[in-house]
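Have the structure open while reading. The paragraphs below start with a pair of helices, then turn to a sheet, the chains and their contacts.

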Amino acid sequence: MTNKLEMSAGKLPEIGASQIALLEKLCNATAVSGDEHEVRQIVLEAVKLIADEVKVDALGNVLATKFGRSDKRVRVMLAAHMDEIGLMVVKKHEDGVFEFVRVGGIDERQLPGKPVLVGREHLPGVIGAKPIHLTTAAERKNKIDESAMRIDLGPEIGEKVKPGDRATFATRFELLGPSIRAKALDDRFGVATLIELLKHAPDQIDLLAAFTVQEEVGLRGARVAAYALDPDMAIAVDATPAYDLPPWDDEDENDRYNTRLDAGPAIYVMDFGTIPDRRLVNWLVETATQDEIPYQLRQPGGGGTDAGAIHKVRSGIPSVSVSVPVRYAHTAASIARLDDWANTLRLLHAALGRVTPNLLVGERRG
Amino acid sequence: MKSLIQKLVETPGPSGFEYAIRDVIREAIADAADEIRVDALGSLIARVGTKTDEGMRVMVSAHIDEIGLMVTHVDANGFVRFTNIGGINPLTCYGGRVLFMDGTQGVIGMDVIGPGKMPKLSDLFIDVGATSKDDCPVKVGDVCGFERPFLDLGKRMVAKSMDDRIAAAVAIEALRRLEHTPHEVHFVFSTQEEVGLRGATTAAYGVDPEVGFAVDVTRSGDTPRFSPKMATALGDGPAIKVRDSSFIADPRLVDWMIKAAQAADIPYQLEVLEAGGTDGRAIQLTRSGVPAGCVSIVCRYVHSPSEMVDSDDVENAVKLLVKLLSEPIILG
Amino acid sequence: MTDFIALLKKMLSASGLSGFEDPIREIIHEAWTPLTDELSVSKIGSLHGLKMGRGEAPRRRVLISAHMDAIGMMVTAIEGGLMRVTEIGGLDHRILPGQLVTVHGREALPGVVVQPPAHLLPESAGEGPVEMKYLFVDVGLRPAAVAEKVRIGDTVSYAQEPLELTGEALAGHSLDNRVSVAATTLCLQELQTRMHDWDVWAVASAQEEETLGGALTSPFDIRPDIAIVIDVCFAKSTGSNDWSSIPFGEGVGLGYGPNIHPALYAAFEEKAKALEIPYHRDLMPKMSGTDAMAIQVVAEGIPCMVLGIPLRYMHTPVETVSLKDIRRAGRLMAAFIADLTPDALDKIQWEE
């Protein structure tokens, strides 16, 4: 017993080659909201040996539980969504190209001229655009409308693609010095983080990991997962935009950065869906301060995480969100720092180790 | 009752930060309630009465949060940028004063915007009198409400948070005056209504009522060139809601409420609100569904720092609520 | 089959707007009484019909949700004996002027929707399509009589009687979604003579057009193992020819997207092929816009299928359907349900 405790206490989670390899695999998989199959397979494979219980529910969420060992265990739900924004093919046109619609929040200006991967077989295709020679100046002032764009998989695609198939940006995961460039870091960061936390779950809590579906189309998986798990508290682990770019007018200070790279995990104080319980915000901030882990408060405002659904379930579940800051989220290629991810994992692990029943004693005070 | 109203409207409590107003209400009802608890989202839930054979478990919900602001950024010169908590009209912000939860005060200034342009929230900032980021007493995530004293115009009353403290006052007063009830009544002073009926959602699940009433303000169609036309007016009595944009009140309950008002000779008006929602929706849609209605207090200039209600409407709303809770509820 | 058309016409002549479903519920109650073992009304007005499966309890449960509420209008103000109205559900104000309606006051009052002349409206409002807030409903009564018979919050429904067109096409108001109630009734009829292991909960749900209220609440107590949502979908016609519509009268829509469990989609597709019932994949890339949006996320989550009956001119008083598609939907549901074995749920898994 003593040995085992020492082992787990000494074994801090870290981001090494195997964690990065798992993240790469997760990012390169396709899991557009409503069709999370590929990521679910990777998650099931990863958690089957480390979790005590694993279940796939009616919506396709993976619910993996790691029970603690002490007497009064707090039931802590961690949620990370498996789905990503993407495209659905909706119609084959007579000239052999495919019409599509966006699933989740994608700026249509991000689409023209991008390679995509279509369907379970990851068939390569391109979203073309009219040659500039044939466009007029007036045309170039307007956005290219989604309904005017097509996916082209070449002249002999035949029946290999059919309406209903999903597609994502074709970008492959790559390390760029201190950074990662990939698609779908929102929220494969969270998925990979939860897997690491399951491996290093502290003993005084039951860790209820929910790998959720359909976050990008309305936080739908998290709602039913929270109902089923009925936790004492919850943390959504997600990715959030870093808009830490220079403003056009260089006399201005960028006061709408949301988060910044290299500033550590982003702790939420308010977003569109949740006003987090300040007891949990303070617990995270105090943990970071004591353990000298860098952190930032995400600027309050729009956006949302699975916490928006979770905290309203049943009689209410105290919830908070923590995100890895990511530049260019919801585009073909987002960029994030490995250090920010590592610090997010460190913070969550350290904070979970400090959870006691006293954390939620008394009334919510903001 | 006016002193209670003044106390309620002058206590800050933006959505999610209702702890101070909750304490005020707890004190006001402590002697009259049979049991008081607070749920996970901070709603104060007070039970009154015991269910008899002809009684039901009834939820009455008045939200205690108000619209407010949260700090997003403090710039190098100590100016404070903010975002909204609930529906804020930027038009009513400029020149206003704010009160932070720790007592810090400030005024709202505005960037220069083009002539004839409407300000956006991002064009506005709070000046707390700081000279730099270093001596600014507020930081990202801090919360403030609008500051405006209670104004007693005799028959009419004005305050920054009549929405929905006037309904809280009505619920408190009804709770105190309720002498006999066949029901087990749960008065819910709910949180986070302005950001999406969140407190009432979890409270309704916890209370598991058989019938429910929201108490809230509604708009008043009696100001000049009001659009779209709305048949509500200050002073015409409490409004019995038929629908708003969040839910359709149970028509059986509406009919019963009308009959109750008529029987007790309480003036009332009927309300169809085209833009706005209430806790009634959260009650109606919880678990396997609950017949739900709403008693509204007609209010001018909703979501401005000067919301106006009529004293007689308030008194009659209390009477109506007491009447509704004093007898068996007959659903068609 | 004549009684099915008669029932449908009766339903199409009845009111029953979202939140005010009493009139339509009574008709369905009567129709389902001989077809079910138990009937009850939910706390917010949905009708639940239970047709018990054979075999020992506990039995698996399949819920069929067909919303019975209809779109319409509601009185917001009364001025000089004329009524101002707002919408219940989504109405295009451009189709309203000149429509015959019924105002459900203290008695049913026939009336008409009135577009005032431009010179009586604000300058900009009179030229293009006139917004709903400027329209009136006139019931031909003098102001005193209106004051006595009509109050704020009374509902206003379309008065258009159903019309039989050529080729088994039927037009009218509220075909959305009374045609699905008719298909559900056909399904229950067919199940009278077929054995089925599962309990069937036929739900005529309330408030779909406003809050999805019936679908959010009914499954909470019933706790079905799976749910079949039947609703109308867009049929190809004027203004709806893109990927989101399917041909008129040429088969049912099988919903495909996040609200639909892929194993149920596959099972329905297989069943339709086996029975040679024509169908089209009805793509719902994001939300389905049906009761399935709500049912899927009730409690711990419920696997849903969405079945569509193609409809032209949705949300107008001249919605048009092919009776053939209604029959096909009823038959397909009955066959699917009759073939559900006690262990069928084991096959409704995500990992194929």
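Helix 2 of chain B and helix 3 of chain B are roughly parallel to each other, a term used for angles under 35 degrees, while over 145 counts as roughly antiparallel, 65 to 115 as roughly perpendicular and the rest as oblique. The model is predicted: local features need pLDDT of at least 70 and side-chain atom pairs count only at pLDDT 80 or more, while totals for chains, interfaces and linings use all residues. Residues are numbered from 1 along each chain as its sequence is written, and chains are lettered from A and ligands numbered from 1 in the order in which they are written.

The axes of helix 2 (residues 19–29) and helix 3 (residues 162–177) of chain B come within 10 Å and cross at roughly 20 degrees. Axes here are lines fitted to C-alpha atoms, for helices over the stretch in contact, and angles run from 0 to 180 degrees between N-to-C directions. Helices (H or I, at least four residues) and strands (E, at least two) are DSSP runs, numbered from the N terminus. The crossing of helix 2 and helix 3 of chain B is right-handed, that is, the near helix is turned clockwise from the far one by less than a right angle. On the helix 2 side of chain B the meeting residues are B:I25, B:A28 and B:I29, and on the helix 3 side they are B:A168, B:I172 and B:L175. The residues of this contact comprise 6 nonpolar, no polar and no charged. Nonpolar covers Ala, Val, Leu, Ile, Met, Phe, Trp, Tyr, Cys and Pro, charged covers Asp, Glu, Lys and Arg, and the others, Gly among them, are polar.

Chain B also holds an open sheet of 3 strands in the order 10-11-17, with antiparallel pairing. Strand 10 (151–153) and strand 17 (307–310) of chain B are at the edges with a single partner strand each, so one side of each has no neighbour in the sheet. Neighbouring strands of this sheet are turned by 20 degrees against each other on average, direction ignored. Strand 11 (residues 156–159) and strand 17 of chain B pair over 4 bridges; pairing requires at least two bridges found by DSSP. B:R156 has B:D310 in strand 17 of chain B as its bridge partner. Helix 7 (residues 311–326) of chain B packs on the sheet and touches strand 11 and strand 17, its direction making about 65 degrees with that of strand 17.

As a whole, chain B has 7 helices and 17 strands. Its radius of gyration (taken over C-alpha atoms) is 20 Å, close to the 20 Å that the globule rule gives for 332 residues, so chain B is as compact as a globular protein of that length. The globule rule is 2.2 Å times the number of residues to the power 0.38. Chain A has 9 helices and 17 strands.

Chain C touches both of the other chains. In one contact, 23 residues of chain C meet 22 residues of chain B, where contact requires C-beta atoms, placed from the backbone, within 7 Å. Helix 5 of chain C gives the most to the chain C side, with 5 residues. That side divides into 7 nonpolar, 10 polar and 6 charged residues. The other contact takes 23 residues from chain A and 17 residues from chain C. Helix 6 of chain A supplies the largest share of the chain A side, 5 residues.

Methods. Two residues are in contact if their C-beta atoms, placed from the backbone, lie within 7 Å.
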